[in-house]
Structure formats: structure tokens, C-alpha cells
There are 2 protein chains.
Amino acid sequence: MDVARSQVPEAGTPVACRSCQAQHGVVCGALSSGQLRELGRHSLRRKVDAGSEIIAQGSESSFYSNITRGVVKLCKVMPDGRQQIVGLQFAPDFVGRPFVRESTLSAEAATDAEICVFPRNLLDRMISETPELQRSLHDQALKELDAAREWMLTLGRRTAEEKVASLLYLIATHAEPQSAASTAFDLPLSRAEIADFLGLTIETVSRQMTRLRKSGVIRIENVRHIVVPDMDELEKKISG
Amino acid sequence: MDVARSQVPEAGTPVACRSCQAQHGVVCGALSSGQLRELGRHSLRRKVDAGSEIIAQGSESSFYSNITRGVVKLCKVMPDGRQQIVGLQFAPDFVGRPFVRESTLSAEAATDAEICVFPRNLLDRMISETPELQRSLHDQALKELDAAREWMLTLGRRTAEEKVASLLYLIATHAEPQSAASTAFDLPLSRAEIADFLGLTIETVSRQMTRLRKSGVIRIENVRHIVVPDMDELEKKISG
DNA sequence: CCGAAACTTTGATCTGGATCAAATCGCGAT
DNA sequence: ATCGCGATTTGATCCAGATCAAAGTTTCGG
């Protein structure tokens, strides 16, 4: 999409970061009120439509952001077009790679989303001045590392059915619950994106979804809306 | 192997950490000389044989270590025995997961190795007192995260031949060079371990190796010793 | 030096998931 | 409502890599 334009977030309302603090676990939770105020003065709240790029692979980005609503996917694409989603980020995750200018992956809104954008320079300075913040970002990095490694196991050693079940479980676990039991949720990804996350093709994803449906593990209310009557049954399909 | 015993490193020579400082990029480079001395007093240098476990998956470990020689593999195994190597660590990498007691993966020496072991409590304290050190470990975590995501692309979207070429390239790039051109190296992994890293079977790994040999990209001097006449040719096999 | 066990290669066959092809379904625009 | 187009499902066939089987080869203890 409009990569160039989205590199510099020109549209957005200046906000006191304080106003979205509750959602900003990773960054704002670690800041003093003075720092919060300063960060707030230089932050923009911005809406991004599903599909639009936040950071382009191989580009230099001069800002970081916090997700305040929606889901962001991290992708790597090969020169020949093959593509792999290497991570999903949910509110209130932090997006951006501290200390490095060039990104080896792209970040793209999977759903309509809202992010709070702030300048790289400022945050880099705050990181070096605030061990709390460093620690907080270190924690997020370690959490992402665990997730990435868990997914390596899925990619390398699980069958197509196990892969699809793993993804549904991941979403069910991270999506904001719509029903009390959190067993009903909207998929933030299309079939093609699911395929790119699982290292499969669209057709295989579709077939495995109907397989899970026919075996009673899930109900597909709608292409994007899934109900899991019994979460244990879904877990059993993952095996490990 | 002897998991229980290896959990507490009882064998080893106490060393001043200073003595291996040159190799301890990640941890020791960020410490003051006083801290170095203290860490040294509580460190053990320890030799570990190829195949022996350093940290067991699901266990609580009370120590961290630095690799001073050799290669360590990080594995995840499923209840049914399927196994995935999720990372390779080379000297002078740091091994251990700060801030968390239980490990979700096992660390095992892939080759005969030497590590410098120190107590978790002490290092955790030093981390919280030393922003430099926090930063250094944060950097390593981000480096590992990049590597994990790069490998996700390999696992999800590359063919068997590309996978094997990727692994050879990784080793060639990280192994201490034996020839000046660094195009000859020992494999730190058996065929079975390579298969577990690439999400393939032993047979497929073997076949792809002979395919690369027959196409002139590599020479197999010995099962464990590889020569790459032209590194560019190897890179071409990776595609991306 | 010999022999057994473990590791690696090679061959034959099978199969899960890819690819190719064709309906359906959904949904925004007219 | 109806059209049209992209997304999804379903079906038929193919093939890369798995599995099964059998030779080599390396390693190492005696």
C-alpha cells in the first residue's frame, strides 16, 4: 500500500500519552510522570486500516509505536514473493526494533487498528536514561523470542491440522474475548494470511478448517468468526 | 544423558572471570572490574561433552553460563518425541533466560564445549544494578529474536535444498574459520540434528547434501567436514 | 586388528500437502 | 435487488519429501 506515506505518520491527533496510559503497558508503565508528559507531547494517535503497512521491510524507520487496538502482523518476504508471517502483535504490544535503524521485517495492520506513534530519538534517549523502561522492553523481547521459538516447533514439526489448531488456539488466547468464555472470536487474518503464518497453502488451511468443523472441534459461524465449544478438544488437536 | 547431575555443575575449576574476559563479550564486557572480580569468585569453568545437557526443558535452573568454546543447541521436544532445534549458540554467547525460573527449552552441547557457569541470583542482582549489562543482554535477546524469525522463514517457506544450503551458510558464517577463506568448516551437528533443525528427515538431509555435492557447490571431505569452493554459489542456493 | 553398534547413504515406495481447476460465497457498488 | 470481483471452499491430480528397507561407513572397545 502507500508505503512511503505511512513511513511518516502525518495524520493523527496529538494526545497526552497519559490518556492512553492504561493501554501502554510496555512503554508507559515504566516512565515517570514527567517523562510521560514529554512523550505525550511528541506522540500521535493514529488509526491504520487493515492491510496498510506501518514499517516496511528493509526501510529505516524513525518512529516506534504502541498498539492500542487491533492486531499487527510481522512479515518477511523473499525476493520471489514467498512470504512468512513471523509474529502477531496485540494491544498493548510495542512495535519497533530498538537500537537498530533498518528493519528486517515489515509490520502491517492485520485488522483496523489504532497505534500511538512516537519518535525514535526520544524513546531511545529515554531507554538509556530509564533502566525500568529498558527492562520492560527487554521483557517484551524475551516474550517475543519465546513465541518465535514456540512457532518454530509448529512450523518444523507439526502437521497441517496441528498447525491450524495451534493458530486458532493462539488467537482464542490473545483476542479480546467476545463471549464470556472467550471461546468465540473473530479471526484477525484471512485464509491467505493464515497460510503465510503456518507455512501452508490457502487450500490446505481451508481443508483443515472444515476438517476441524466436521469433527466438531470448532463451529464456523462465518468465515471470520469461530466458536470453540470445548477448548480442551482444540488443545488436544495440537499435541504438545 | 545425566540430566540431574548436570543441573548443578559440581565439577570445574574456580576461575577469575577476568581470565576469560576476552571471550565473555555479552556479560563481562559490561561489568566493572569490581563486579568482574565478584562474578569471578562465584564462577566455574566447566567442560561439557558433546551431547550432554546443560539445562533441561521444563526444569528450574539456578545458573547461567557463557559459552567459551564449542556450540550449544537449544531444543524443544514434544511429548511424542518430535523434536525441533530452535537455536544454535556459539562462543561467546550467553545461555540462560533472565528473569524466568523455568526453561521452556533444553540447552545441550552439540560439540565438546567449555562454559563459564555462574549463579543466577548473583547475575540477576548485577543486571538490576548495571544498565550496561541489561542493555548487553537485551541486545543478545534481540539478536536471537532476529535469528529465530529468519529461521521461521526458512522452516515455513524454503525447500529442502534451500534449507540445507541455509544451514551450511549459517555454520560457515559462525564457525571459527579453519582455512583463511573460512570456506572449510566442521559441522557441529549430526545428520539427525540437522534434520531436527530444518524440520526434515535424516534421509532428506543426506540426499540434499549429496545433491549439493554433485552440483559442485560443496565438497564433503568427511561426514563432518565440508568445503565450499565458492561461497557465492552456496548463497545462490538459498534464494533470499 | 577385529567386530559390533551407531551413523550415513542410497534405493523403492507411499502420502500429506501442493498445485491446478472449478464451483460457491460474500460483499460493496450500481 | 443485482452485478461483479475477490475470497473461500471443494475436487482432481501431482510431487517433494516422508517412510520403509537395505547397504555402506565410521567409531570405538576389547
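**The surface near DNA strand D**

The residues of the surface near DNA strand D comprise four nonpolar, seven polar and six charged ones, where Ala, Val, Leu, Ile, Met, Phe, Trp, Tyr, Cys and Pro count as nonpolar, Asp, Glu, Lys and Arg as charged, and the others, Gly among them, as polar. The model is a predicted one, in which local features need pLDDT of at least 70 and side-chain atom pairs count only at pLDDT 80 or more, while totals for chains, interfaces and linings use all residues. Residues are numbered from 1 along each chain as its sequence is written, chains are lettered from A and ligands numbered from 1 in the order in which they are written, and side-chain values use heavy atoms, with hydrogens and water left out.

Around DNA strand D there are 17 residues, of which A:Arg191, A:Arg207, A:Thr210, B:Ala160 and B:Thr204 come nearest; a residue is near a strand if one of its heavy atoms lies within 4 Å of it. Of the atoms of DNA strand D that come within 4 Å of the protein, 63% belong to sugar and phosphate.

From chain B, the side chain of B:Thr201 has an N or O atom 3.1 Å from a phosphate oxygen of DNA strand D. Helix 8 (202–214) of chain A and helix 8 (202–214) of chain B are the elements that give two or more residues to this surface, and helix 8 of chain A provides the largest share, six residues; helices here are DSSP runs of H or I with at least four residues, numbered from the N terminus.

**Where chain B meets chain A**

In the interface between the chains, 48 residues of chain B are in contact with 48 residues of chain A, contact meaning heavy atoms within 4.5 Å. The two chains bury about 4000 Å² between them, 61% of it on carbon and sulfur atoms, where buried area is the accessible area (1.4 Å probe) that two parts lose on being put together, summed over both. B:Arg149, B:Met152 and B:Arg157 supply 20% of the area that chain B buries against chain A, more than any other three residues.

Charged pairs also span this interface, with 10 salt bridges found, each a side-chain nitrogen of Lys or Arg within 4 Å of a carboxyl oxygen of Asp or Glu. One of them joins B:Glu162 to A:Arg82, whose closest N and O atoms are 2.9 Å apart. On the side of chain B that touches chain A, helix 5 of chain B gives the largest share, 21 residues.

How values were computed:
Polar contact = N/O pair within 3.5 Å; in protein donor to acceptor, adjacent residues only side chain to side chain.
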